[in-house]
Amino acid sequence: MFHHIHFPGPGAPTGWEAECLHCQQALRRQNTLLHGMLERITDGFVSLDAEWRILYANPQAEKMVPVGREDYEGRNFWTIFPELAGTVFQEQYERAVREKVAVHFETNFAPLGQWYEVSAFPDPSGLSVLFRDVTEKRRLADELHKLSLIATNSQAMVVFTDAARRITWVNEAFTRCTGYALADALGRNPGTLLQGPESDRGAVDYMRAQISRGEPFHTEVINYTRSGEKYWADVYGQPVVGAGGTVQQYFAVSINITERRQLQEQLLREQKQRQQVVTAATIKAQENERARVGRELHDNVNQVLTTVKLYLELCRDGLGNGELLHKSVGLVQNSIEEIRSLSRRLSSPTLGALRLTDSVRELLHSVGETNRISFTLLADGVEGLEVEQDLHLAVYRILQEQLTNILKHAGARRVEVSLDAKGGELVLLIADDGGGFDTSKRSRGVGFTHMLARTESLGGTLTLDSAPGRGCRLEVRFPLPNGEGPATGGPGAAGLAIPG
């Protein structure tokens, strides 16, 4: 206890006075030693007299309670800190003095927002108080408590291990999923406990390498329950590092993603099956197209050229006349037109030279020249729009395929084609006034499959709407890169009529 102590002045004592002087010097040395110790300790120290006046406060007390010693030594404690009157501080200090017992408590000092651990010791002349700032300790304790609540009540599986990777704690979610209670898992290695024949060795080796380096990890791996049932787990592991930088323990949080993985695998199987169907349909379409071209070349062009050859041979041998030459010229012209028609059907549009609306307009003109169907093109929303080659070709081929279907099966007199760019999408609409069909009964052939494959390859959607007597409506939507729209300044194309 550090109090005001008065020592007699120097003199030349003898006898009992010399002995008393020796005691005084020893006491002075003891007080000096005690004063030095109080000045250096890391706890705050305050000495109060019986009237609650502050006799002494060490430097650490000044740091934790920022009031200078010159401002409070000799003053009443409750006058300097009136906000503590009526609180646990006053209650415990008065109890210590009244009952002559040491008190210990932990409380919050509201003005500073700090938590303090306080010990107060009574003596005949007053009270000595030691206190330390435990705010950080309380914060960590609160965080650990919250983490404990989260881990205990979490739907995710939580496992704690020591530095040697032995399990020290598991939560209820872990027990529900794996069948292992804490008593079953305690002291065991998580890998030995949960992994099995189908656990991916690459994922296992990765986790072991990260743990050996004291680093976090995240992976997906097949684990096994206590009954031997396998499940997919999404596992996140994190080391807990101590003050010396060494890993003291590990905790891992994992969730059962078996259902998600099964859905992913099912989707992959369906995509593979669809791709196989699309590939088969594409090959069949190509073979059908080759066969059709072969028939047309054989039945039309070849027969016509054979006739021309015969006419020319007659003229060469002097048996022909001008009329045969005239017929030959006409037949050759027919052959040229037939070959040109085949070429248009087989070749891609000249994408380097034409914009989308130009190639669509040219396709409608070429089809309209040889049929009694009138076409209307509405394309003012995309006039001047520049699109990528893949998208350009997809629109062209889908339109070409649907027009072929209409010419062969619909019995239509009018066809309306619309192109528009809105909401970040390119929309192609093809509607006819033909006989229509029941979409629930009519099977979707190779042509439809081919159009759907082209649409989906570019992330688009295709909708077919038809009914007997109502014609057919085909709508295709493609996403445009960055929501691009048409360039400005180009001529409009609304209501462009292309008669048959």
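Reader: What makes the reach of helix 13 close to the expected one?

Author: Helix 13 (residues 356–368) has 13 residues and spans 18 Å from its first C-alpha to its last, close to the 18 Å expected at 1.5 Å a residue. The expected span is 1.5 Å times one less than the number of residues. Helices here are DSSP runs of H or I with at least four residues, strands are E runs of at least two, and both are numbered from the N terminus. Please keep in mind that this is a predicted model, in which local features need pLDDT of at least 70, side-chain atom pairs count only at pLDDT 80 or more, and totals for chains, interfaces and linings use all residues. Residues are numbered from 1 along each chain as its sequence is written, and side-chain values use heavy atoms, with hydrogens and water left out.

Reader: Why is helix 13 called largely enclosed?

Author: Ten of its 13 residues are buried, so helix 13 is largely enclosed by the rest of the structure. Buried means under 20% relative accessible area, exposed means over 50%, and partly exposed lies in between (1.4 Å probe, protein chains only). The buried residues of helix 13 include L356, R361 and G368.

Reader: How does helix 14 compare with its expected span?

Author: Helix 14 (residues 389–410) has 22 residues and reaches 30 Å, close to the 32 Å expected at 1.5 Å a residue. After helix 14 comes G411, with a positive phi near 65°.

Reader: Why does Q210 count as buried?

Author: Q210 has 10% relative accessibility, so it falls in the buried class. This residue is found in helix 10 (residues 201–212). Not counting residues up to four places away in sequence, Q210 touches E215, P216, F217 and Y250; a contact means heavy atoms within 4.5 Å.

Reader: What makes the link between the side chains of Q210 and R213 a polar contact?

Author: The side chains are joined at 2.4 Å. A polar contact is a pair of N or O atoms within 3.5 Å; within protein, one must be able to donate a hydrogen and the other to accept it, and residues adjacent in sequence count only if both atoms are side-chain atoms. The 2.4 Å of Q210 and R213 meets that cut-off.

Reader: How do you know that strand 8 and strand 9 pair?

Author: Two strands pair if DSSP finds at least two bridges between them. Strand 8 and strand 9 (residues 230–241) have eight, in the antiparallel sense, and V221 stands opposite A233 in strand 9. Their hairpin has five residues between the strands, and G228 takes a positive phi near 90°. Strand 8 (residues 217–224) is largely enclosed by the rest of the structure, because six of its eight residues are buried.

Reader: How many disulfides does a search of the whole structure find?

Author: The search finds zero, where a disulfide is a pair of cysteine sulfur atoms within 2.5 Å. C177, at 22%, is partly exposed, whereas C472, at 7%, counts as buried.
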